[in-house]
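I opened my notebook beside the structure and wrote down what I looked up, one entry at a time. Come along and check each entry as you read.

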Amino acid sequence: MIDLRQLQALRAVHREGSVTQAGRSLAWSQPTVDYHLRNLERLIGSPVIARSKRGSTLTPVGVLVLDRGEEILTLTDRALRDARDLAQMGRARLSFGTFPTAAAKLLPSIVAQVADLGIEIDATLLEVGPLVSAVNARTLDAALLYSVPGYEAPLRPEIITTEVLRDPLMLALPEEHPLAARATIDRESLMSLRGERWLLGTSLDDPMDTVLVDAFAAEGHELEVAIRTDDFQVMLGMIAAGMVIGLVAKLAAGPLHPGVVLRPIDDPGFARSVLLAAPREGASDQPTTAVRQLAQAIRHAVALSEHPAAG
């Protein structure tokens, strides 16, 4: 079985470039670092570092071991931190990432609910791409993100997802627009907007924008993207002024903005799946208990946002 000190020694050599410097960074002697590296190599049956007069580098086997080992060391550090927090304060800490519109609508309720369960949230607000990277690297315990049909988030196999909301995408139009009188927008009507000026988000790979751009491309049309912004109020102001049109997720919509109408799109492809992504716990197909409690809190926060009187 791998000793954590073997992984610590390997990581230190990789960072410092030599066994001697690795020992100094760990406050170990050089023979101690050598001892753990030799034991690791004996366990694997192959060298994990290559030594030269210029220092030490990892072999391909060493790189593979360190790649997996970083996850183990991160989880170990987090387990110690959470256990100490629980022992000292009676609380566990959960590192949680979410995209900004969900944070604005849901985060206060989520934090209040899990606090009653002895869970303290360290919240980080990021766009979907960085959230995926962070939960894949396990620098976050859990991340609230979204995808649309056919544009699933590139999560690692050990990251599992729980859908907490199916969020329709709405077409946002100036109230004087010819389609504003429609109750819903079918695909044919949507395609008739190919000559309009559109507002999209600043991220070029946002799945909400990608599904729209690709839908028009499939019909041989290219959208004119006039403005890019992630500021929701700026977006609504420009639409109200008749400068652009765009897509708005129902979760982000909130109270109606003067001069703007929101119309549902009658196409199942225009809906995003809001997901809670987190690493599975050990060999199980479930995340940790704290993450499962977080998922319940998110669903309740969604229900309260849709029906405030229920709270």
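Predicted model: local features only at pLDDT ≥ 70, side-chain atom pairs only at ≥ 80, totals over all residues.

**Entry 1: A salt bridge to start with**

I began with Asp 34 and Arg 51, whose side chains meet in a salt bridge at 2.8 Å, N to O. Next I looked up where the two partners sit. Asp 34 belongs to helix α3 (residues 30-44) and Arg 51 to strand β1 (residues 49-52), so the bridge links distant parts of the chain, 17 residues apart. Is Asp 34 buried or exposed? Asp 34 has a relative accessible area of 12%, and it counts as buried because the cut-off for buried is under 20%.

I also noted a network here: salt bridges with shared partners join Arg 93, Glu 120 and Asp 122.

How many salt bridges does a search of the whole structure find? I wrote down 11.

One of them pairs the side chains of Arg 5 and Asp 3, at 2.7 Å from N to O. Arg 5 is partly exposed at 42% relative accessibility. Asp 3 is partly exposed too, with a relative accessible area of 24%.

Another joins the side chains of Arg 11 and Glu 70, where N and O are 3.5 Å apart. I checked both partners for burial. Arg 11 counts as buried at 16% relative accessibility, whereas Glu 70 is partly exposed at 27%.

My reminder to myself: two packed helices are described by the angle between their axes and the distance between the axes.

I took α1 with α3. Their axes come within 8 Å and cross at roughly 110°. That makes α1 and α3 roughly perpendicular to each other, because angles of 65 to 115 degrees are given that name. On the α1 side the contact uses Arg 5, Gln 6, Ala 9, Leu 10 and Val 13. On the α3 side I listed Val 33, His 36, Leu 37, Asn 39, Leu 40 and Leu 43.

Then I took helix α2 (residues 19-26) with α3. These axes also come within 8 Å, and they cross at roughly 105°. So α2 is roughly perpendicular to α3. Val 19, Thr 20, Ala 22 and Gly 23 of α2 make the contact with Gln 30, Val 33, Asp 34 and Leu 37 of α3. I was pleased to meet Asp 34 again in that list.

**Entry 2: A closer look at Gln 6**

I picked Gln 6 from the α1 list. Gln 6 lies in helix α1 (residues 4-16). Its relative accessible area is 6%, so Gln 6 is buried. Which residues does Gln 6 touch, leaving aside neighbours within four places in sequence? I found His 36, Asn 39, Leu 40 and Leu 43.

**Entry 3: Aromatic pairs**

I searched the whole structure for aromatic pairs, and the search finds two.

The rings of Phe 99 and Tyr 146 have centres 4.9 Å apart and planes at 85°, so this pair is edge-to-face. Phe 99 is in the loop between β3 (92-98) and α5 (100-115), while Tyr 146 is in strand β5 (residues 142-147). The two are 47 residues apart, and the pair links distant parts of the chain. Both Phe 99 and Tyr 146 are buried.

Trp 198 and Phe 216 are edge-to-face as well, at 5.9 Å centre to centre and 65° between the planes. Trp 198 sits in strand β7 (residues 197-200) and Phe 216 in helix α8 (residues 207-218), 18 residues apart. Trp 198 counts as buried at 0% relative accessibility, and Phe 216 counts as buried at 0%.

What lies over the face of Tyr 146? I found Arg 272 there, 4.5 Å from the ring centre.

**Entry 4: Far in sequence**

My last stop was Thr 184, in the loop between β6 (159-174) and α7 (187-191). Thr 184 is partly exposed, with a relative accessible area of 40%. Thr 184 and Asp 266 are 82 residues apart in sequence, yet their C-alpha atoms are 6.3 Å apart in space.

Key: Residues numbered from 1 in each chain as written. Heavy atoms only, no water. Phe/Tyr/Trp six-rings, centres within 6.5 Å; stacked < 30°, edge-to-face > 60°. Helix = DSSP H or I, 4+ residues; strand = E, 2+ residues; numbered from the N terminus. Buried < 20%, exposed > 50% of the residue type's maximum accessible area, 1.4 Å probe, protein only. Lys NZ or Arg CZ within 6 Å of the ring centre and 35° of its normal. Contact = heavy atoms within 4.5 Å. Salt bridge = Lys/Arg side-chain N within 4 Å of Asp/Glu carboxyl O. Axes fitted to C-alpha atoms, helices over the stretch in contact; angles between N-to-C directions. Parallel < 35°, antiparallel > 145°, perpendicular 65-115°, else oblique.
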